[in-house]
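Here is a protein model to read through in questions and answers. Please keep the sequence and the structure in view as you go.

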Amino acid sequence: MLKVAVAGAGAFGLKHLDALARIDGVEVVAVVSRTVEQAREVATTYGAELASDDLSDVLNTPEIDAVLLCTPTQLHAVQTIATLEAGKHVMVEIPLADSWSDAQAVARLADETDLVCMVGHTRRFNPSHQWIHQRTLSGELTVEQMDVQTYFFRRTNTNALGKPRSWTDNLLWHHAAHTVDLFAYQCGEAIEVANVLAGPTHPTLGIPMDMSIQLKSSSGALCTLSLSFNNEGPFGTFFRYICDNGTYLARYDDLTTGHDEHIDVSKVAVSLDGIELQDREFIRAILEHDKPNSSIDSVLNCYVVLGELQSQLDAAAAR
């Protein structure tokens, strides 16, 4: 039985706890949260023995094999490094870091160990995107352009459940990371050109609330990404794949043609839950001593691009 700890009991931490409960051979033995009270409440719900507000309690527990980090973005790099240094496998939720230098530091350490170090690029695992990916690998489809909209309404500091958040989210390093990585993954090649424009900075949150990103792959495929925390209406990310052999719209785990014809993705994988499929890959890689899909080295190009886009934003702000 693989003994796992989950750090972060917010919206996505709970999604991972639900997913792990559906995977054989896994036991969640510890929950870490911002307060001991919250950690105890969640630990009781999921049958974990250890509840703490301090990640070091988990890292100092020898019988824990692996840690899932679902903590605030600003903690990801330092906590991933600490987990690897403690000799434990780690999956850190997206993004790996909020700077290129920190991403490099984690990658260097991961390369020096034989531990599984995986980043939660969930879009790689969603059945709708897997359906596209399988056909790009077979040569049936080539992605010519992706048009992507990532829209939320977060003029106050709230999470995906609408509850107050203790940290500030980021359109570039968090939400754009999903699409930057997915675009390169679906094209099967590196991103060579990247441009970004940001709207006004929120007076209290201190972040741009609107952003536009353009990407171009080495063979000339294009991606246009629009992001907003100001959008009223359905929230989430919506993808249009314009391919050489058809157009497809992906809305989380739903997939249709460009003519709104439903595509059945229920047989693509053992679950329709991308989080569960991501967690299954993490567990598989540990048990089989294998490199997982979305290993740190496989997603690093995404953080190269994000670092370049951040430099563009910094230069624009300085002018």
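Q: In β10, which residue is the bridge partner of V148?
A: The model discussed here is predicted. Strand β7, covering residues 143-151, pairs with strand β10, covering residues 222-228, in the parallel sense and over seven bridges. Within β10, the residue that bridges to V148 is L225.

Q: Which residue takes a positive phi in the hairpin of β9 and β10?
A: This hairpin has four residues between its strands. A positive phi near 105° is found there, and the residue that takes it is G220.

Q: Which strands stand at the edges of the open sheet of six strands?
A: The strand order in this sheet is β3-β2-β1-β4-β5-β6, and the pairing is parallel. An edge strand has a single partner, so one side of it is left without a neighbour in the sheet, and this holds for β3 (50-52) and β6 (117-120).

Q: Which residue in β4 does A5 stand opposite?
A: Strand β1, residues 2-7, runs parallel to strand β4, residues 66-69, and four bridges join them. In β4, the residue that stands opposite A5 is V67.

Q: What angle does the direction of helix α2 make with that of β3?
A: Helix α2, which spans residues 36-46, packs on the sheet and touches both β2 (26-32) and β3. Taken against the direction of β3, the direction of α2 makes an angle of about 155°.

Q: Which residues have the most contacts inside the largest nonpolar core?
A: The largest nonpolar core has 75 residues. Its largest share, 11 residues, comes from helix α7, residues 171-187. The residues with the most contacts inside this core are I213, Y241 and Y303.

Q: Why does α4 count as roughly parallel to α5?
A: Helix α4 (residues 76-85) and helix α5 (residues 100-111) pack with their axes 9 Å apart and at an angle of about 10°. Angles under 35 degrees count as roughly parallel. The angle between α4 and α5 therefore makes them roughly parallel.

Note on methods. Residues are numbered from 1 along each chain as its sequence is written. This is a predicted model: local features need pLDDT of at least 70, side-chain atom pairs count only at pLDDT 80 or more; totals for chains, interfaces and linings use all residues. Side-chain values use heavy atoms; hydrogens and water are left out. Two strands pair if DSSP finds at least two bridges between them. Helices (H or I, at least four residues) and strands (E, at least two) are DSSP runs, numbered from the N terminus. Contact means heavy atoms within 4.5 Å. Axes are lines fitted to C-alpha atoms, for helices over the stretch in contact, and angles run from 0 to 180 degrees between N-to-C directions. A nonpolar core is a set of buried Ala, Val, Leu, Ile, Met, Phe, Trp, Tyr and Cys residues joined through side-chain atoms within 4.5 Å. Buried means under 20% relative accessible area, exposed over 50%, partly exposed in between (1.4 Å probe, protein chains only). Angles under 35 degrees count as roughly parallel, over 145 as roughly antiparallel, 65 to 115 as roughly perpendicular and the rest as oblique.
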